[in-house]
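Take a look at the model below and keep it open while you read.

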Amino acid sequence: MLIDTHCHLDVSEFDADRAAVWQSAMQQQVRGLVIPAVNQASVQPILDWCTRHPNTGFALGWHPMYVDQAPQSAMAQLAAQIESVLAGPLAPQLVAIGEIGLDFYVTRANEATQIALFEAQLQLAKHYGLPVLLHVRGAIDTVLKYCRKHRVVGGIAHAFNGSLQQAQVFASLGFKCGFGGACTYTRALKIRALVEQLPLSDIVLETDAPDIPPAWLGHGVRNTPDQLKKIAEEIALIRRMPSTQIIEITGKNSIAVLPKIAHLCT
Ligand SMILES: [Zn+2]
């Protein structure tokens, strides 16, 4: 089953045609989709969308690239929000805590703040027994260090671009690695080797739409969740396997790490 485990369907790039974008994804066999929040401002639009689309899932959290905007009360506010969602009708759709993690690629100037919020959110995930959606750019080993310290039930290392060894450590901590458009570029040798060599049981699919457009769309073009099937077909080519098998197994993997999504898939 095709599941887009990471799609920012809430962002303004989709304001003009959000429902059509989801419709097109469903027509292209996408059966489930997870929208991760990135900050407080993204929460209400996501809740509104998910109220009207009970077959889509979401995650709540502060993204590392937005931690400078986070008020002192951000973590208390997040905890209250999780609590309130879990007590209401949207509870089945809150599938994870995310998007959380560390990004030392853009800046390390706020490293201490990033780590503080990351640790606080890992603790929240642990408290609520929810998996996490991780953003791990330029900081994989540090992310792994805190995942070892705060043992959550597992989750997804989104847009994974590390080494085979780092992927194995993630797997040992209950995580799958998310792959999308990046591996569709024939020059992306390192990530394609990873997609080929990792056990298929460690892989889940994602678009990260509107970002990371696949090769056939080209850089700078808006990515959409209906590209997921072609991404699965590209991974099938890399692994020399039928795409039906890639779709079936990555779907099972997604449900294994995000169990609540099983009840949402259409
Ligand atoms: Zn993201």
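## The second largest pocket

The second largest pocket holds about 160 Å³. Its lining is made of A182, Y185, R187, A188, I212, P213, H219 and G220. Sort these by class and you get 5 nonpolar, 2 polar and 1 charged. (Nonpolar here means Ala, Val, Leu, Ile, Met, Phe, Trp, Tyr, Cys and Pro; charged means Asp, Glu, Lys and Arg; the others, Gly among them, are polar.)

A quick word on terms: on a 1 Å grid over the protein atoms alone, a pocket is an open set of points with protein on both sides within 12 Å along at least five of seven lines, a cavity is a set where a 1.4 Å probe fits but cannot get out, and lining residues have an atom within 4 Å of a point. Grid points are joined across faces, edges and corners, and a volume is the space filled by probe spheres set on the points.

## About the model

This is a predicted model, with local features needing pLDDT of at least 70 and side-chain atom pairs counting only at pLDDT 80 or more, while totals for chains, interfaces and linings use all residues. Residues are numbered from 1 along each chain as its sequence is written, and side-chain values use heavy atoms, leaving out hydrogens and water.

The largest pocket takes up about 810 Å³. It has 34 lining residues, and H63, H135, H158, D208 and D211 are the closest to its centre. The lining splits into 14 nonpolar, 13 polar and 7 charged residues.

How many cavities of 30 Å³ or more does the whole structure have? The search turns up 1. N39, Q40, V43, G61, W62, L78 and Q81 line this cavity, and none of them is charged: they count as 3 nonpolar and 4 polar.

## The zinc site

Which residues hold the zinc ion? They are H6 (NE2), H8 (NE2) and E99 (OE), at 2.0 to 2.2 Å. (Donors are N, O and S atoms within 2.8 Å of the metal, or 3.2 Å for Na, K and Ca; water is not among the atoms, so sites may look incomplete.) Along the sequence, the spacing reads H-x1-H-x90-E.

Are H6 and H8 buried or exposed? H6 is buried at 1% relative accessible area, and H8 is buried too, at 7%. (Buried is under 20%, exposed over 50%, partly exposed in between, with a 1.4 Å probe and protein chains only.)

## The sheet

An open sheet of 8 strands runs in the order β1-β2-β3-β4-β5-β6-β7-β8, with parallel pairing. At its edges, β1 (2-4) and β8 (203-205) each pair on one side only. (Strands are DSSP runs of E, at least two residues, numbered from the N terminus; two of them pair if DSSP finds at least two bridges between them.)

Methods
Helices (H or I, at least four residues) and strands (E, at least two) are DSSP runs, numbered from the N terminus.
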